[in-house]
Amino acid sequence: MPRLPSQPLLRLLGGVTVSAILGFLLLPALVVTLAAFNSRAILSFPPEAWSWRWFAKALAYDDFRAGFRNGLIVTGWASSIALVVGAAFALALDRYEFRFKRTLETVLLSPLVVPHFTVGLGFLILAAQLGMARGYAVIVACHVVLVLPFVLRSVYISLRNLDPRLELAAASLGAPPHRVLTTVTLPLLVPGLVSGWMFAAILSFNEFTASLFVTVQRTQTLPVALYNYVREYADPSMAAISVMYIVVTATLLTLANVFFGLAKVLNVEPPR
Amino acid sequence: MSLPAEGKYSAAATTATRPNRTADMAVELDGVTKRFGKTTALDDVSLLVRRGELMTLLGPSGCGKTTLLNLVAGFLMPESGEIAIDGQRMTDVPAYRREIGIMFQNYALFPHMNVAANVGYGLRMRRVAKAEIARRVADALALIKLAGLEDRKPRQLSGGQQQRVALARALVIRPKVLLLDEPFSALDRNLRASMQVELKEIQRKLGVTTIFVTHDQSEALSLSDRIAVIAEGRIRQLGPPDEVYRRPVDRFVASFVGDVNVLRARLERIDGAIATVALGAARVKVPSRTLQGAASGSIVDLFVRPEELRPAEHGAAVAADGIVAAQSYQGGHVDLYVDAPAALSGRVLLRVPRHEGMSLWRAGARISIALAVDEAIAFKPA
């Protein structure tokens with residue numbers, strides 16, 4: 001019988017492997033973070049001297065400020081609309097049997113397989129035809145389509161995990177359907193709704209490929225503004241933006257986890 | 001409503017209450033049929049539940065008993081037939097206007113509300129004044145002995161406590177009918193027994209009409225005022241526990257309710273309502289109605305409860321001979337499993353007192369079995 005490696009050795013190897021994988025995952029963020037504090041005007045690694053100046057520059061740069069504001073507008077509308085639409089579809093898919101149910105499900109989840117640039121190009125052509133290529137509406141519509149699958153999935157999973165007997169119990173206690181919805185169903189869906197919204201928001205705020213097609217100078221979102229910037233300049237203010245982005249997102253996710261038990265919802269349990 | 005056929009053999013009980021039936025009846029089902037796709041879950045079922053009564057729907061899983069409960073609750077609508085509660089037609093009234101209380105197997109407490117909010121939910125839905133809600137919730141919690149736990153969330157309670165909260169939540173709205181869906185199956189054995197007693201006490205005290213669904217025949221026998229034995233979407237027998245246990249109307253009821261031995265016996269003769277059946281040297285009287293068409297001298301299946309058999313004493317008429325296969329100590333008594341050719345399954349179950357069971361009838365011992373009763377029930381061979 002071949003000798004097995006000893007327990008401590010196995011544990012050590014396991015620890016090293018896991019650390020290596022985590023390190024690999026975090027490597028880009030680490031490099032960018034260090035680069036953001038470089039005092040010299042080049043994107044180099046590792047930096048030779050340290051400075052906060054690129055953060056100041058990034059925050060003061062007009063295109064970034066506009067991009068941030070545009071991004072908030074688009075993200076706010078897109079993820080909120082996607083939440084309402086996605087929740088409604090999730091409810092329909094969970095509660096009702098109808099013809100073409102599978103087809104509807106496939107269509108709703110299709111943006112996961114259609115490349116973003118295809119969606120963007122499609123909306124660009126459509127918007128040009130309708131003469132509305134210059135406003136926020138087309139960007140918002142485009143983002144809704146892109147983030148809808150994530151919202152749908154998140155709400156759908158929460159619904160599947162909801163015991164239907166809770167709603168029956170509420171009805172038996174005298175709650176008409178709309179009060180069952182407001183006092184039992186929705187409160188219990190809050191974690192799913194919040195996480196769905198947050199996913200949508202993060203994805204939408206981050207979205208670049210499709211946004212490149214449907215934005216114009218006046219409406220460009222932050223990722224598009226960053227892209228336009230990097231075509232002209234290569235200083236660490238972009239890295240500074242990235243760092244701020246990571247910090248804000250991580251903070252939001254942590255808060256959501258603390259208040260709504262996000263981890264529970266994301267822990268994709270198989271439906272009953 | 002036409003008079004529902006309540007199961008042929010309990011007609012006497014129905015007749016007695018017929019004159020002002022609606023006034024006495026809390027729940028009436030008349031010719032109710034429910035289908036799911038091509039399967040018929042309930043087939044033309046009629047049932048009357050008297051006010052204040054604890055009626056058990058007993059049957060194997062998939063027999064339709066839970067469907068019946070859901071129809072009374074208003075969670076399902078029947079394909080045909082009528083349902084009335086307290087004399088009012090309820091067939092197409094939605095659940096939230098039926099004034100029923102229901103307790104589920106998993107209790108279905110609202111996880112995001114504390115105990116007080118759970119119990120007070122039905123009162124809030126009725127827009128009862130705050131002070132009144134507080135008073136009635138406190139009363140309900142006192143009734144189920146959980147005062148002081150108002151602020152706990154359901155997940156912080158034990159299974160038994162959760163069940164009490166679910167019961168209080170259902171009762172606090174003073175329902176016209178209390179529906180219990182396998183309420184004890186999630187509890188461990190000791191807790192189950194004490195909760196059963198407590199439930200029965202509360203039910204008596206409040207006089208609330210209760211429909212109780214279970215597949216556990218001993219639970220049904222111990223708790224019910226009447227039992228409706230259901231199989232394949234139909235009520236096979238309806239009557240008090242003792243009647244269902246001692247006078248089962250068919251083979252299914254006889255074998256589903258309680259333990260039973262099926263022994264091959266010979267029909268000697270039929271004298272009107274009574275028939276005489278011979279089992280070995282023993283003779284026993286059985287009702288003749290379950291033997292319609294059987295000829296004298298033909299083989300019939302004699303159904304005998306384990307406690308209706310005993311080891312034959314010297315000189316007693318021996319009904320069957322066998323060899324003890326195993327004994328099982330049950331505390332108060334001993335179950336003897338006896339290999340006997342006379343039994344349809346080849347094995348007979350005997351319930352004997354503890355002292356004689358343990359010492360006299362060890363595995364391998366030869367045993368002669370006598371009947372401890374002179375009445376039993378027999379059916380034509382299946």
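1. Helix α1 (residues 11-17) of chain B has the lowest value, a mean of 41, while strand β3 (residues 54-58) of chain B has the highest, at 95. The scale is pLDDT, the predictor's confidence in each residue, from 0 to 100. Helices (H or I, at least four residues) and strands (E, at least two) are DSSP runs, numbered from the N terminus. Over residues 1-20 of chain B the pLDDT is below 50, yet this stretch has 24 contacts in the model beyond near neighbours in sequence. Two residues are in contact if their C-beta atoms, placed from the backbone, lie within 7 Å.

2. Some ground rules. This is a predicted model, in which local features need pLDDT of at least 70, side-chain atom pairs count only at pLDDT 80 or more, and totals for chains, interfaces and linings use all residues. Residues are numbered from 1 along each chain as its sequence is written, and chains are lettered from A and ligands numbered from 1 in the order in which they are written.

3. Overall scores come next. Chain B has a mean pLDDT of 88, with 94% of its residues at 70 or more. For the complex, the predictor gives an ipTM of 0.81 and a pTM of 0.77.

4. Chain A has 12 helices and 0 strands. Its C-alpha atoms fill a box of roughly 75 × 70 × 35 Å along the principal axes. Of its 272 residues, 35% count as buried (20 or more other C-beta atoms within 10 Å of the residue's own, with C-beta atoms placed from the backbone). Among contacts in chain A with a separation of 6 or more, 75% join residues 24 or more positions apart.

5. Now the interface. 16 residues of chain A are in contact with 18 residues of chain B. On the chain A side, α7 (164-172) and α8 (177-206) are the elements that give two or more residues. α7(A) gives the most, with 7 residues. By class, this side has 11 nonpolar, 2 polar and 3 charged residues. Here Ala, Val, Leu, Ile, Met, Phe, Trp, Tyr, Cys and Pro count as nonpolar, Asp, Glu, Lys and Arg as charged, and the others, Gly among them, as polar.

6. Chain B is assigned two domains: domain 1 (8-99 + 175-253) and domain 2 (259-379). The bounds come from an automatic or database domain assignment. Taken over C-alpha atoms, the centres of domain 1 and domain 2 of chain B are 33 Å apart.

7. Helix α7 (residues 189-206) of chain B has 18 residues and spans 26 Å from first C-alpha to last, close to the expected 26 Å (1.5 Å times one less than the number of residues). B:G207 follows α7(B), with a positive phi near 65 degrees.

Key:
Buried ≥ 20, exposed ≤ 12 C-beta atoms within 10 Å, placed from the backbone.
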